[in-house]
Amino acid sequence: MKLIIDTDPGIDDAMAIAYAAAAPEFDLIGLTTVFGNTHVGQSSRNARFLAHKFGLNIPVAQGAAFARGRNAHTPSRHVHGDEGFGDVTEVPEIGANHDLSAAEFLVEMARRHKQDLTVCAVGPLTNIADAMRMDPDFAQNIGQLVIMGGAVFCPGNITEHAEANIYHDAQAADEVFSVAAPTVLVGLDVTLKTLYRTADFEELARHSPEIGGFLRDISRFYLNFYKNVAGLEGCGLHDSTAVIACSHRAMFDVHKTGLKVITNGPEAGATRPDPSRPPLLVCRDVVGEQVVDLFTQRVATLR
Ligand code: RIB
Ligand code: CA
């Protein structure tokens with residue numbers, strides 16, 4: 001299947017892109033970038049660097065710099081480091097962004113590849129909402145839209161109520177959930193069951209010294225954040241789990257429901273079931289070890 005990852009790299013984003021590069025099911029045809037873990041310019045620089053490092057000759061189309069109705073964004077430096085890769089800084093500038101914006105690229109690829117195209121969104125949903133506004137057929141053109149975001153049956157991570165990707169542009173997320181689309185939501189309900197530990201990174205680095213070693217090095221900062229803030233001995237494979245759900249849906253227990261997003265007040269960014277909305281599939285359970293093992297097996301093959 002053809003795959004575009006809409007991303008804000010980002011440590012777990014880097015892991016997800018590595019997984020997509022390694023998994024034989026995917027023909028990764030491009031990356032689109034969005035603000036989130038970093039400023040969008042840094043997201044694009046990081047995405048171009050990762051594509052080069054993982055041996056991918058693919059376009060990177062830059063998208064939204066801010067959430068709907070905002071003109072500034074504060075990156076999550078305490079989670080992903082100053083440049084998005086933890087302690088690893090001074091990411092080299094490689095190549096240039098595509099001429100099209102992220103939303104234009106998404107719309108054009110959806111028209112060209114139709115049902116063969118999967119879009120996996122692992123950052124704030126601003127580009128996806130923009131693509132839906134730009135082309136009312138966008139959502140129906142594509143085979144599936146798989147989103148890493150939300151916390152439907154569990155608490156949030158950025159606030160008690162909200163998961164970070166949804167929180168960063170709650171209005172765009174609410175717009176996306178109001179459109180009928182073949183959507184699968186991979187939220188904290190499942191991604192916090194896929195903990196990747198120091199020993200997993202060491203094993204990965206043994207098999208794949210260059211790329212696995214790079215993922216281990218950028219993740220030290222992230223693992224410290226999880227330990228110090230959440231008391232967890234490992235980091236969630238958030239974005240990789242969404243990419244895995246694109247091809248291994250049977251690994252997940254899914255619940256069909258409509259969703260709305262609270263856009264204001266203390267619960268802003270919360271994802272709530274709403275039967276009046278178009279139905280989508282919410283992943284509510286997974287055997288985390290299966291995701292972890294598949295991730296290691298596949299990424300370990302990268303040289
Ligand atoms: O809540 C997890 C999500 O937020 C992931 O996409 C991660 O990259 C962070 O931005
Ligand atoms: Ca992300």
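This is a predicted model: local features need pLDDT of at least 70, side-chain atom pairs count only at pLDDT 80 or more; totals for chains, interfaces and linings use all residues.
Trainee: How many cavities of 30 Å³ or more does the count come to?

Mentor: The count comes to one cavity of that kind. Residues are numbered from 1 along each chain as its sequence is written, and chains are lettered from A and ligands numbered from 1 in the order in which they are written.

Trainee: What makes a space a cavity and not a pocket?

Mentor: On a 1 Å grid over the protein atoms alone, a cavity is a set of points where a 1.4 Å probe fits but cannot get out, whereas a pocket is an open set with protein on both sides within 12 Å along at least five of seven lines. Lining residues have an atom within 4 Å of a point. The largest cavity has a volume of about 40 Å³, a volume being the space filled by probe spheres set on the points, which are joined across faces, edges and corners. Its lining consists of V176, F177, V179, A180, A181, T183, P278, P279 and L280.

Trainee: How do the residues of that lining divide by class?

Mentor: The lining of the largest cavity has eight nonpolar residues, one polar and no charged. Here Ala, Val, Leu, Ile, Met, Phe, Trp, Tyr, Cys and Pro count as nonpolar, Asp, Glu, Lys and Arg as charged, and the others, Gly among them, as polar.

Trainee: Which space does ligand 1 take?

Mentor: Ligand 1 takes the space of the largest pocket; a molecule sits in a pocket if more than half of its atoms lie within 2 Å of the grid points. The largest pocket has a volume of about 480 Å³. It is lined by 26 residues, and V79, N157, A164, F225 and Y226 are the closest to its centre. The lining divides into 12 nonpolar, nine polar and five charged residues.

Trainee: Which helix gives the most to this lining?

Mentor: That is α11, with five residues. Helices (H or I, at least four residues) and strands (E, at least two) are DSSP runs numbered from the N terminus.

Trainee: Which residues are closest to ligand 1?

Mentor: Among the 13 residues that surround ligand 1, the closest are D12, N37, N157, E163 and D239. A residue is near a molecule if one of its heavy atoms lies within 4 Å of it. The helices α1 (11-22), α7 (164-168) and α12 (238-247) each supply at least two residues of this shell.

Trainee: What makes the approach of E163 to ligand 1 a polar contact?

Mentor: A polar contact is a pair of N or O atoms within 3.5 Å; within protein, one must be able to donate a hydrogen and the other to accept it, and residues adjacent in sequence count only if both atoms are side-chain atoms. A polar side-chain atom of E163 lies 2.4 Å from an oxygen atom of ligand 1, so this pair falls within the cut-off. The corresponding distance is 2.5 Å for N37 and 2.6 Å for D12. The protein covers 96% of the 280 Å² of accessible area that ligand 1 has on its own, by the Shrake-Rupley method with a 1.4 Å probe (for residues, only the protein chains shown count as cover).

Trainee: Which residues does a cis peptide bond join?

Mentor: A cis peptide bond joins P9 and G10, with omega about -15°. G10 lies in the loop between β1 (2-7) and α1. Most peptide bonds are trans.

Note on methods. Side-chain values use heavy atoms; hydrogens and water are left out.
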